[in-house]
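Colleague: I would like to know what stands behind the words used for this model. Please set each value against its rule.

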Amino acid sequence: MKVSRIAYKPVGLALGAASGMIAGAAFKQTWKIIEGEGDAPDALDEDRSWRQILLAAAIQGAVFAVVKAAVDRSGAVAARRLTGAWPG
């Protein structure tokens with residue numbers, strides 16, 4: 001295993017945690033724009049329709065995937081600038 005990959009592991013874990021927090025905040029704002037409500041439904045919310053629950057799940061998945069990819073890619077680019085090696 002490359003030294004750059006091993007050295008990047010703790011950075012990657014920290015970036016993963018940060019991306020989860022960023023994605024959660026981004027999803028909440030996105031849901032407010034789409035539905036005009038502050039609280040997104042979860043699967044066991046009996047007062048919400050199937051449409052709302054599935055829409056919220058799809059949007060949440062998309063937001064989390066995009067944020068994670070952007071943060072991971074930014075971290076890898078920064079690591080290459082610092083070390084000269086790609087951490088993957």
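Colleague: Why is W31 called buried?

Modeller: Buried means under 20% relative accessible area, exposed means over 50%, and partly exposed is in between, with a 1.4 Å probe and protein chains only. W31 has a relative accessible area of 0%, so W31 is buried. F27 has 7%, so F27 is buried as well. Bear in mind that this is a predicted model, where local features need pLDDT of at least 70, side-chain atom pairs count only at pLDDT 80 or more, and totals for chains, interfaces and linings use all residues. Residues are numbered from 1 along each chain as its sequence is written, and side-chain values use heavy atoms, leaving out hydrogens and water.

Colleague: What makes F27 and W31 an aromatic pair, and what kind of pair is it?

Modeller: A pair of aromatic rings is described by the distance of the centres and the angle of the planes. Rings of Phe, Tyr and Trp (its six-membered ring) pair if their centres lie within 6.5 Å; planes under 30 degrees apart count as stacked, over 60 as edge-to-face and the rest as tilted. By this rule the count is 1 aromatic pair. The centres of F27 and W31 are 6.3 Å apart and their planes make 35 degrees, and the pair is tilted.

Colleague: How are F27 and W31 placed along the helix?

Modeller: Both belong to helix α1 (residues 3-35), and because they are 4 residues apart, about one helical turn separates them. Helices are DSSP runs of H or I with at least four residues, strands are runs of E with at least two, and both are numbered from the N terminus. The protein has 2 helices and 0 strands.

Colleague: Which residues does V63 touch?

Modeller: Leaving aside residues up to four places away in sequence, V63 touches A23, A26, F27 and T30. A contact means heavy atoms within 4.5 Å. V63 lies in helix α2 (residues 50-83). V63 and A23 are 40 residues apart in sequence, but 6.2 Å apart from C-alpha to C-alpha. V63 has 15% relative accessibility, so V63 counts as buried.
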